[in-house]
Amino acid sequence: MKLKKEIKFFINDREVIAKSGETILNVARREGFYIPTMCYLEKVNPIASCRLCLVDVEGSKGSILSCQTKPTEGIKVRTDSEYLYKHRQNIMKLYDVNHPLECGVCDKSGACELQNKTLEFGINCQDFSIREPHRQIENWGKIQYDPSLCILCERCVSTCNQAIGDDAIELKFGGYGSAIVLKDKTSQTLECSTCGECIAVCPVGALISTDFKYSSNAWELNKVPSVCTHCSAGCEIDYEIKHSSTLNHDAKIYRVTNNFENSSICGAGRFGFNFANVPNDEQNAKNLKNKKFDEVVNAVKKANTIIFNSHITNEEAFILQKLKEKLKLKLVNHEAYNLQKFLGAFSRSSGETLPNGKIEDVENADQIVVVGSRIIVENPQVRYAMTRAYKKNRAFISYMHPVYEPLLNNIVKQHIRYEVGTEEGVVALLSEALIGQVLKFDLDVGYVSGETNVGEEELARIYQIGKKSKKRILIVGSDIIAHEKRENIARFLGVMQKFSNIKILVVPEELNSFGVAKICQLDEKATGKTVGYNITGDYIISALKDIGHFSVPALNQQEGTIIDINHKVKKLNVAVSFNGQSLNDIANEIFDPIDCREYTIDRTRDIFNVDFDSLENIQIDSQEIEIDCTEMPNEISKLPTFDGTLVYNSRTYLEFNPFSAFDKNGKFNYENNLLIGSEQFATAGKIADGDEVEFEILGEKFKRKFKIDKDMRGVIALNPIFDKNLKAYQLSSSYKFQKVKIVKVAK
Amino acid sequence: MGTKVYFSSWRGEKIDNRGKLQENWSESTFNFPVNYSASGNATAFVGWEGVAIFRDDVDVVRLATEYASQYQKYSEACGRCAPGRWGGRILYDLFDKIARGEGELSDLSHLKEVSETMMETSKCEIGKTVPVPLLVLMKEFEEEFVQLINNRKKSKDYDNNINYNALVTAPCTDACPAHVDIPAYIEGVRDFRFDDSLEATRQTMPLAHTCGRVCPHPCETACRRANIDEPIAIMELKRIGADYETDHNLDFIHPIEQKPKNGKKVAVIGGGPAGLTGAYYLALDGIEVDLFEALPVLGGEVAVGVPEYRMPIDKYNKDIDLVKSVGVNIYLNSWIDADKMREFEKNYDAILVATGTRISKKVDCANERPEIQGYWGAIDFLDKINLYEKYGYKLTQEDRVKYNINNDYVDLTGKTIACVGGGFTSMDVVRCSIRAGAKKVIMLYRRDEATIIKNTTYEEYHEAVEEGVEFIFYSAVEKMIDENDILKQLHINKFEMQNDPSGGRPKLVKIHGGDFMLDVDYLIPAVSQSADLSLLPPEWNIELTSWKTIKTNGRDYMTSKRGVFAAGDAEYGPMTIVNAVGQAKRASSVISRYVHSGEIILTDNEIMEDHIRKLGVYNKKEKIFGWLADKNRSESEKLAVDERKYNNLEVNLGFTAEQAISEAERCMRCYYISMVAR
């Protein structure tokens, strides 16, 4: 394309330079010139519906749309004039015509872009009106749409399509009838991943959160910047807080918002914030308070093992490590242990401590392969990056997972459903396809292809695309980390990183898996008396409300750090106070004085050599390590087979873990949990839609209602596990595919 | 030509006959749709560049109100920007307020103010142009508006039943024989809504893969963007929707839900673009369709004529699969003769003849005898090549002898080929000959380089030159020279262009002493084709054109025999795919009504389409404002010459994501709305 590298031009007489691809508006914003907009959003292509951003160009009759016009050499742009002001004012008059005057009860009031622009352009009255048809408020579950408030800017539609990838809503064209409607005309309900980004980007109160509705004025809320804790992405969010009620002045989280202009968050992050813990009754009761504290300290002192999960901060992990050292106990975290083993083998093959892929690499890639992850819920941020890669670069995406993912259809060109359990074979075949030219693997492709059900034609396609692609990335998820052959798989991935330009992105299961794996020396198995920290044990210390023997603050109640999927250190802040003791308090009772710290975050310095308050932009870089010789993958022996009915212990769009499952009233939401499967699954399990069924996984009994999803395929059903409270962590740290015997419950 | 008007203002021309006797009215030079249809004449016409009023008793206030209302009702475009959406609504409401006798004088100034903002700031031309005729009416007929307001009176026709028929079109859509809603499919690309893009295309064009690759794109010569810099790469943007559907293995996206079977049956003769198109829309409409194809494969000339490197058959087959997916019954290897046609007349409710033009015309030289070995008609030559390349049909022993080929496919190793032509078919012949290994390939053309580019495309010509085709311009074959019926040489005349001193058209004049001999193994005539109409029973007396194609009126595509329709090259003569598609689409629409009512009816939309086509939409001289000239027309990546010369890989790799968006953003969405009152 004939795109020049840099273009010199003028805005309001000042010389400015546009880089390749930049529009007039981009440059103006970068250089601090104000151009009003209503529909513009950085994260999507210019929508060009509001027309406010028109500017004048000297010598050119007619105004130019600055949001989508790339400047040409030497043009002289004027961002404001009487003429432009008049037209912008007229546009605002048009926007305001018949806009309901219900700001008093509108959630958006005070943070409304229509309000702001109306004031900015001095529209004090409405000179004319139009007949207004009756418009019905639509209820889309978590999301409510009021068409009479809608200004049809199309931000929601563009975001849903281009930034998220759900493509669930669209604009219905045509005069009076124009509205945002569900794209799937056959459906009454909004079939999407319920990220709520449409709410976030709505400039007015047309799209609002049903949970938040009428609960607060925007200006009363205070923002507490923090990090979402539900998956390994570690998205930056704001908890918006104010007092709980007129009688209760304790702060409460009312909602979660994000910097929607250039980032997106998922539904679990947006709606699953109400997990603040309260000390249990005994901890609270005056005369029992100390007794309870003694009890927990003694439990830890007497324990042989502390079991925990990675839903904790680095500081908590550090304290647990110190406890291990002090008390000579075992420290067990299956999921992080598996990750350590995986990374160990990976580094012996790649010569580097960490995989080199980042989320940005996904966004910029032109070939993406996902293997062993139901990425849409395992890490929505990676999925959004995949969406952008497809939209921006038309990236060729191969999605390899035994569970078919219809919602990814519009970005994935190649769905490959491999046989459950054969991940080792799948990665071996991928290695052969992607770097077989460079490195010889001793692989019986015919056999492995047969056993994995990954066709040689499909691999040939991956190879062909790979040849043409310049930026390639392989994304591996928790099914790989939890797989018993994780180390051999890691070797394949390690040599891939070493001998090719393919980047490897590892998506771990929990928020801080990388942090725990870095900080703790973990043991393989628990022995003797156990204390469970956020997980079941003989004695349970829990951040999960109403669970366990001793309560500690949840992740929105403490300061601390985590390491995200990009190996970046991020900070959590206190949104809601916790009136009780923390792990640090318990540890201080046990540690030698030299190891005691007043506050948990005093330990940040022990870990990263920086005080918590001055910590910013810390990146854990991959280190090159000395290896005598590259550890090559072992030959693939027999691949396991899983026959019969299988379930996949999966998150749902909104429920990633027990902490995400509290509703707006703080109630744990575990009703109506469904086992969702295909028609084929129903036949194999001899069950029908609506049947009550029972089954058992790793000793845990499940009772579920079965629901057929016509878009699903194969004999694997999706089983949510978050409602098993802390026991869910035992399940999520194990291989998520399990063979089950489905028993229909007689009614 | 020209229209007698009471008042008109169009494209800068104003005719005002108010106050004159009707017999003294002067004419406008424009072809306004005054003779609307057999059912009656128009009283007024309103469009993007003004108005034309044909009688002195037209209620102009109601006319303005209705035009504003059509914008609300019909336009799919007016949901897309603030000024267009709300401005349009205010225009309608305020005009209606005046028309029903409730207006105020301030409404007129509001109308003018809103109009100005719409014209300056709207996203699409429809929002920018809807106020144009309204401002003309308000200015020229101000008295009528003011009177209604002052007297608080309803306009005289407010409650009367008047027909208003509107059409939304665009210069590109108008120029496209299939009237594809081009701005809509481009907007789909721009918005990353590739499914919507494809759906827009398929409203009138089922062959999205094909016409996204090999359409000669007459739309691009009517693209308003050319008035600023360069036309949009309209054709290439079309394949994006189709590629999306194919690459993601999606279910076929149909423009409407298929109607249930209604018991009517139609026979379609010919499985080329016209036949496929007709069959698709008829089947969507609930009609049982039997499609008969003489060749062993579907697709017609585009399948067996257009080479694989230009139109990969797996992509065309996707378009064909779309047609199959609506349940068309397909009969291959079915040559239809007059007896069969007589049978069909009894067994079907209608017949659509879409048999194309599959006889290569002679070059018209001395000794041009088909029995000479080495004389090989272009159609048959390309058939043989493509049936092998695309489907694996080998040459029969008989053909090998007849054409002197030493292989079971057309292998021209060591041979010299001369092709006489200048159109697309001849380009296909010479480029296929290169790929078939010919030693030397020569194109003989009577005119010059510029004309060959005009008749084909720059890309096509340029790519052929790159691949090594030798073009001899201003040349013609005088005589074929054979030895024992084997072609040896061609006697060539050379010509030059001489200006007519008296100012007439320049003439081709033979250069004396310019003759030369050319050693060749093959002469391939690719000058033109004619239709094989042996299937028409003589007693039907079907009228033919002077070109020996089937005659219709070019609007409803019925032949002189009731119930027998014709579309595509068999009707028009050798023309483009998109022409065949457009004709067949229209024919299928007419047939879908004919089979029920026995009547030949065009819809109002179709009537308007034809009128507006006559009036002309694209204005080459129009000055366009509000856009920066960027000369950034995207150029899709092509395979390099040595990567493509000896194989059949698709040469055009299509746009990258970035190019597609950047190209789509150049589109100015030149939707226009026009309306007839009657």
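This is a predicted model: local features need pLDDT of at least 70, side-chain atom pairs count only at pLDDT 80 or more; totals for chains, interfaces and linings use all residues.
# A walk through chains A and B

Now zoom out to the whole of chain A. There are 23 helices and 33 strands in this chain. Its radius of gyration is 27 Å, close to the 27 Å that the globule rule gives for 747 residues, so chain A is as compact as a globular protein of that length. Laid along the principal axes, the C-alpha atoms of chain A fill a box of roughly 80 × 70 × 60 Å. Of the 747 residues in chain A, 55% are buried. If you look at the contacts in chain A with a separation of 6 or more, 73% of them are between residues 24 or more positions apart.

Two open sheets in chain A are worth a stop. One has 5 strands in the order 2-1-5-3-4, with mixed pairing. Strand 2 (14-19) and strand 4 (64-65) of chain A sit at its edges, each with a single partner strand, so one side of each has no neighbour in the sheet. Within this sheet, strand 3 (residues 54-57) and strand 5 (residues 76-78) of chain A run antiparallel and are joined by 2 bridges. Look for V57(A), which stands opposite V77(A) in strand 5 of chain A.

The other sheet has 3 strands, ordered 24-25-26, and its pairing is antiparallel. Strand 24 (560-563) and strand 26 (618-619) of chain A take the edge positions with a single partner strand each, so again one side of each is left without a neighbour in the sheet. Strand 24 and strand 25 (residues 568-572) of chain A are held together by 4 bridges in the antiparallel sense, and T561(A) stands opposite K571(A) in strand 25.

Next, the place where the chains meet. On this interface, 45 residues of chain A are in contact with 41 residues of chain B. The chain A elements that give two or more residues to it are strand 3, helix 2 (82-96), helix 4 (155-164) and helix 13 (380-393). Helix 2 of chain A has the largest share, with 5 residues. Sorted by class, the chain A side comes out as 17 nonpolar, 18 polar and 10 charged residues.

Which residues have the most contacts inside the largest nonpolar core? This core has 425 residues, and those at the top are V362(A), I368(A), I475(A), A44(B), V266(B), L352(B) and F565(B). Helix 22 (residues 577-597) of chain B gives the most to this core, with 10 residues. Take F565(B) as a case to inspect: leaving aside neighbours within four places in sequence, its contacts include L352(B), V353(B), Y557(B), A587(B) and I591(B).

Over in chain B, the domain assignment gives domain 1 (3-162), domain 2 (175-254 + 633-664), domain 3 (265-357 + 534-600) and domain 4 (360-529). The C-alpha centres of domain 2 and domain 4 of chain B lie 31 Å apart, yet 6 residues of domain 2 are in contact with 7 residues of domain 4. The domain 2 side of that contact divides into 4 nonpolar, 1 polar and 1 charged.

Finish at helix 8 (residues 182-190) of chain B. Here 9 of the 9 residues are buried, so helix 8 is largely enclosed by the rest of the structure. Among the buried ones are E187(B) and R190(B), along with Y185(B) and I186(B). What do they pack against? The buried residues of helix 8 of chain B pack against helix 7 (171-175), helix 9 (194-202), helix 11 (234-247) and helix 25 (657-665) of chain B. Just after helix 8, F192(B) takes a positive phi of about 60°.

Notes:
Residues are numbered from 1 along each chain as its sequence is written. Chains are lettered from A and ligands numbered from 1 in the order in which they are written. Two strands pair if DSSP finds at least two bridges between them. Domain bounds come from an automatic or database domain assignment. Two residues are in contact if their C-beta atoms, placed from the backbone, lie within 7 Å. Ala, Val, Leu, Ile, Met, Phe, Trp, Tyr, Cys and Pro count as nonpolar, Asp, Glu, Lys and Arg as charged, and the others, Gly among them, as polar. A nonpolar core is a set of buried Ala, Val, Leu, Ile, Met, Phe, Trp, Tyr and Cys residues joined through C-beta atoms within 7 Å. A residue is buried if 20 or more other C-beta atoms lie within 10 Å of its own, exposed if 12 or fewer, and partly exposed in between; C-beta atoms are placed from the backbone. The radius of gyration is taken over C-alpha atoms; the globule rule is 2.2 Å times the number of residues to the power 0.38.
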